[in-house]
Amino acid sequence: MDARLIDVAALATTLGKVTGVAEVLTAPEAMKPWQNDQWWYAVAAAAAGQPISRPDVVVRPTTPEAVAEIVKIANQVGVPITPWGGGSGVQGAANANRGGIVLDLKLLNRVRHIDHQSLTCVVEAGKICKEFEAELNAQGLCFTHYPASTEWATIGGCIAARGSGVLSSKYGKIEDHILSLEFVTPTGELVHTPAVPRHAAGPELTQMLVGSEGTLGIVTAAVVKLRKLPTKRVFGVYSFANLKDGVEAGRQIMTSGLRPAVVRLYDAHAAAHSLARAVEHPLPDVTLVLMFDGDYPDLVDLEAAKAFEVCRANRGTELPAKLAELWWERRYVFYYPPYAPELPSIWGTIDVVADFEHIEDVYYEATKAIRAAVPEQWDLSLNTHFSHWYEWGSMIYARMKIPTGPADLAEAKALHDAVFKAGTEAALKAGAVLNDHHGVGMRLAPYMQQQYGVGMDALRRIKTALDPKGILCPGKLGL
Ligand SMILES: Cc1cc2nc3c(=O)[nH]c(=O)nc-3n(C[C@H](O)[C@H](O)[C@H](O)COP(=O)(O)OP(=O)(O)OC[C@H]3O[C@@H](n4cnc5c(N)ncnc54)[C@H](O)[C@@H]3O)c2cc1C
């Protein structure tokens with residue numbers, strides 16, 4: 001669906017009756033903050049004056065009922081509608097590349113209720129992660145979902161992108177933090193999913209929305225799990241002569257019932273060029289950073305001691321734990337200027353996930369293919385780490401940067417796309433799943449058919465049944 005020939009003034013007037021005119025923007029200058037998310041190509045295209053996100057109107061509702069009303073209007077007018085959280089996504093999912101309405105959810109930002117007995121909370125979708133965490137911390141509580149984009153990302157955006165945070169190895173990804181959702185269907189009905197996620201009242205509707213990137217519904221609030229702030233954290237750092245030993249140490253820790261909050265294994269290049277910079281200490285070898293936390297200090301000490309034994313048994317060499325503490329303190333710094341990449345660089349992350357049987361193959365095949373896809377003249381740097389671990393496998397985060405890409409936008413895009421095609425196809429062939437926590441958006445949409453096979457038809461049928469006019473976030477997720 002494309003927003004061609006719509007009467008923008010009439011649409012803005014109708015939307016203004018729902019939200020008040022102050023929350024409806026149509027002037028190009030006023031809509032600039034919504035012209036790109038953080039996908040490299042969206043950033044580069046906007047800088048070149050050719051933004052891929054071209055909303056006709058931006059609207060900022062403050063209630064779930066207003067969201068439902070706006071979706072009904074979009075259906076009546078037949079215009080695309082794209083939810084927007086913090087715009088921090090890196091796959092292009094939030095860009096209104098077919099025009100229409102951008103629905104900014106950041107004014108839907110209340111903490112509606114905290115249940116101190118169950119340790120759960122009803123939080124609205126537009127709440128920024130960092131602000132939510134600060135409010136909880138003031139009450140001795142926390143939401144153990146800490147993405148590096150915490151300053152920008154909203155709770156709804158994390159849910160929609162199926163995101164992850166640095167404590168995922170113990171507390172899980174965003175899908176593990178959610179009990180239920182309030183959402184607006186693509187035809188404008190306000191729905192509440194069953195109150196708890198462990199039930200046998202049919203399939204889990206809540207999880208259908210998680211990872212749907214705005215294509216199947218608009219999340220307006222979530223019931224999420226909280227924790228008490230931990231009383232103790234224990235850190236450890238080990239280096240390994242080769243990747244195999246490091247992966248094996250991680251595998252044994254995760255499959256033995258230990259529950260590290262942080263497990264980050266850096267390959268030798270990432271240790272030397274990325275982690276070493278963060279902790280200001282030379283790290284020439286494969287390096288594993290661990291952190292254990294909890295309410296009972298003796299249990300935390302014991303769990304950490306057992307994990308450190310595993311590292312030593314796999315020929316790990318103990319490094320000062322202070323390095324891991326420094327990493328923890330500075331963990332967000334390296335995603336922001338002046339450390340974050342800027343134009344005219346080309347940057348991006350291929351983050352895939354696989355079980356332990358395939359994980360090393362995926363690492364070697366994907367990194368080899370990425371390197372082979374970039375001619376030497378472009379001076380590729382590739383830093384790879386394994387930073388979200390599961391009882392059955394891990395994710396691989398291959399961060400590529402070309403310091404100065406081709407000046408021509410189309411040539412730069414072709415180089416970027418060649419890297420993603422090579423890395424993604426090699427990873428899939430070696431047994432990985434397309435993405436671990438950044439989502440699909442526009443960037444990985446071309447690979448969804450390969451990922452799902454005939455299953456993609458089932459996804460398409462779900463989309464068509466829920467969104468007969470195809471107005472909600474059209475073109476994303478390969479739908
Ligand atoms: C520096 C940096 C570091 C990052 N680190 C991490 C990290 O550690 N972990 C991680 O998981 N990600 C990370 N990301 C990626 C990004 O922050 C996440 O994908 C985040 O979940 C996006 O949230 P957002 O609110 O910005 O969503 P947006 O980018 O605004 O939107 C993302 C998608 O969700 C949809 N959407 C947004 N809100 C809703 C809603 N309420 N209902 C339905 N659909 C909605 C949009 O339409 C779009 O399809 C990082 C990004 C940057 C730039």
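Q: At what angle do helix α1 (residues 8-19) and helix α3 (residues 64-77) pack, and what makes them roughly antiparallel?
A: Their angle is about 160°, with the axes 10 Å apart. Axes are lines fitted to C-alpha atoms, for helices over the stretch in contact, and angles run from 0 to 180 degrees between N-to-C directions. Angles over 145 degrees count as roughly antiparallel, under 35 as roughly parallel, 65 to 115 as roughly perpendicular and the rest as oblique. The angle of about 160° therefore makes α1 roughly antiparallel to α3.

Q: What do these numbers rest on?
A: This is a predicted model, in which local features need pLDDT of at least 70, side-chain atom pairs count only at pLDDT 80 or more, and totals for chains, interfaces and linings use all residues. Residues are numbered from 1 along each chain as its sequence is written.

Q: Which residues of α1 and α3 meet?
A: Leu 11, Thr 14, Leu 15, Val 18 and Thr 19 in α1 meet Ala 66, Glu 69, Ile 70, Ile 73 and Val 77 in α3. Contact requires C-beta atoms, placed from the backbone, within 7 Å. By class, this contact of α1 with α3 holds 7 nonpolar, 2 polar and 1 charged residues. Ala, Val, Leu, Ile, Met, Phe, Trp, Tyr, Cys and Pro count as nonpolar, Asp, Glu, Lys and Arg as charged, and the others, Gly among them, as polar.

Q: Why are α12 and α13 called roughly antiparallel?
A: The axes of helix α12 (residues 356-373) and helix α13 (residues 409-429) cross at roughly 160° and come within 8 Å. The two helices are therefore roughly antiparallel to each other. Their contact has 11 nonpolar, 1 polar and 2 charged residues.

Q: What makes β15 and β16 edge strands?
A: In an open sheet, 7 strands follow the order β15-β12-β14-β13-β17-β18-β16, with antiparallel pairing. Strands pair if DSSP finds at least two bridges between them. β15 (317-319) and β16 (346-355) each pair on one side only, as edge strands.

Q: How many bridges join β12 to β14?
A: Strand β12 (residues 232-240) and strand β14 (residues 286-294) are joined by 9 bridges and run antiparallel. Val 237 stands opposite Val 289 in β14.

Q: How many residues surround the ligand, and which element gives the largest share of the shell?
A: The ligand is surrounded by 39 residues, the closest being Gly 85, Gly 89, Gly 156, Gly 157 and Gly 163. The largest share, 5 residues, comes from α5.

Key:
Helices (H or I, at least four residues) and strands (E, at least two) are DSSP runs, numbered from the N terminus. Two residues are in contact if their C-beta atoms, placed from the backbone, lie within 7 Å. A residue is near a molecule or strand if its C-beta atom, placed from the backbone, lies within 6 Å of it.
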